[in-house]
Amino acid sequence: MVKSGITKEEIIAWGGAEVFNQALAMCNAGDVSDVRYDDEKLEISGKIIRENGWGMPVSLTLKDRGTVKSHCPCYHNQKLGQICPHVVAIAIAQMVIEMDDEPEETAETRQPGEDAPGEAAEEEYIEVPMKPAMYAYVSGSRASLSIAVDAWYGDIDFPAC
Ligand SMILES: [Zn+2]
C-alpha cells in the first residue's frame, strides 16, 4: 500500500484543534467513506456522507512544507477559503488506514540481516500515561443523537464505545 505519510500534527496545523475535533467526530460517526490516496497526484480523496445521505466529494492535495490545497463544495471551503472539517476528516481517515496497515509493513521490512533484532524490538514500545483522558464527541440533532467516547493515552486514541 502506498502511504501519504500524513501525521496528526500536520493535520492539526492545517485548521487548528477545533476543526480537527469536528473532523474526528465525523470519522467516529462513520460519515467518511471511499477514502483513497493517489501517490502520483499526492491527492487524498473521499466522501462525506451528509444528513440527507448524499456523499459529498472532498479532496486535498499535499503540497510542500506541510501546506495543503483543499477542495470541498461546502460554504466554509468555497466562500471563506478555509480548511473545513470535511477535508480534515478524509485526511484523518487516510491516516487511520495507514496506521492500521503498519504491523504488516513492519513484518515485511524486517528482512533477515537488516536491523539488529534487539533495536527493532525496542522501537516497537512507546510509553504512554496510565490514565487516559476521556473525550465524548456528540453529533446529530434532537431527533437523532450519536455520542462517541474515546480514551486518549497520550497521543493514542482508542474508541471506548
Ligand atoms: Zn467542507
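Okay, start with the hairpin of strand 1 and strand 2: four residues lie between the strands, and L42 there takes a positive phi near 55 degrees. Before I go on, this is a predicted model, so local features need pLDDT of at least 70 and side-chain atom pairs count only at pLDDT 80 or more, while totals for chains, interfaces and linings use all residues. Residues are numbered from 1 along each chain as its sequence is written, and side-chain values use heavy atoms, with hydrogens and water left out.

When I say helix or strand, I mean DSSP runs numbered from the N terminus: H or I with at least four residues for helices, E with at least two for strands. Two strands pair if DSSP finds at least two bridges between them.

Strand 1 covers residues 32-38 and strand 2 covers residues 43-49, and they pair in the antiparallel sense over five bridges.

Zoom out a bit. These two belong to an open sheet of four strands, in the order 1-2-3-4, with antiparallel pairing. Strand 1 and strand 4 (68-71) are at the edges with a single partner strand each, so one side of each has no neighbour in the sheet. On average, neighbouring strands here are turned by 15 degrees against each other, direction ignored. Strand 3, residues 55-62, runs antiparallel to strand 4, and four bridges join them. Over there, T61 sits opposite K69 in strand 4.

Now the metal. Which residues coordinate the zinc ion? They are C72, C74 and C84 through SG, plus H86 through ND1, at 2.0 to 2.3 Å. Donors here means N, O and S atoms within 2.8 Å of the metal (3.2 Å for Na, K and Ca); water is not among the atoms, so sites may look incomplete. Along the chain the spacing reads C-x1-C-x9-C-x1-H. The angles among the four donor atoms are 106 to 112 degrees, and the site is tetrahedral, a label that needs four donors with all angles between 85 and 135 degrees. For reference, the ideal angle for four tetrahedral donors is 109.5 degrees.

Helix 1 (residues 8-28) and helix 3 (residues 85-100) pack at about 95 degrees, with axes 7 Å apart. That makes helix 1 roughly perpendicular to helix 3, which is the label for 65 to 115 degrees. The axes are lines fitted to C-alpha atoms, for helices over the stretch in contact, and angles run from 0 to 180 degrees between N-to-C directions.

Strand 5 pairs with strand 6 (residues 145-153) over eight bridges, and the hairpin they form has four residues between them. Along that pair, V138 is opposite I147 and Y135 is opposite D150. Four bridges join strand 6 to strand 7, with W152 partnering D157. That hairpin has two residues between its strands, and G154 in the turn has a positive phi of about 60 degrees.

Definitions and conventions
Parallel < 35°, antiparallel > 145°, perpendicular 65-115°, else oblique. Tetrahedral: all angles 85-135°; square planar, octahedral: opposite > 155°, others 65-115°.
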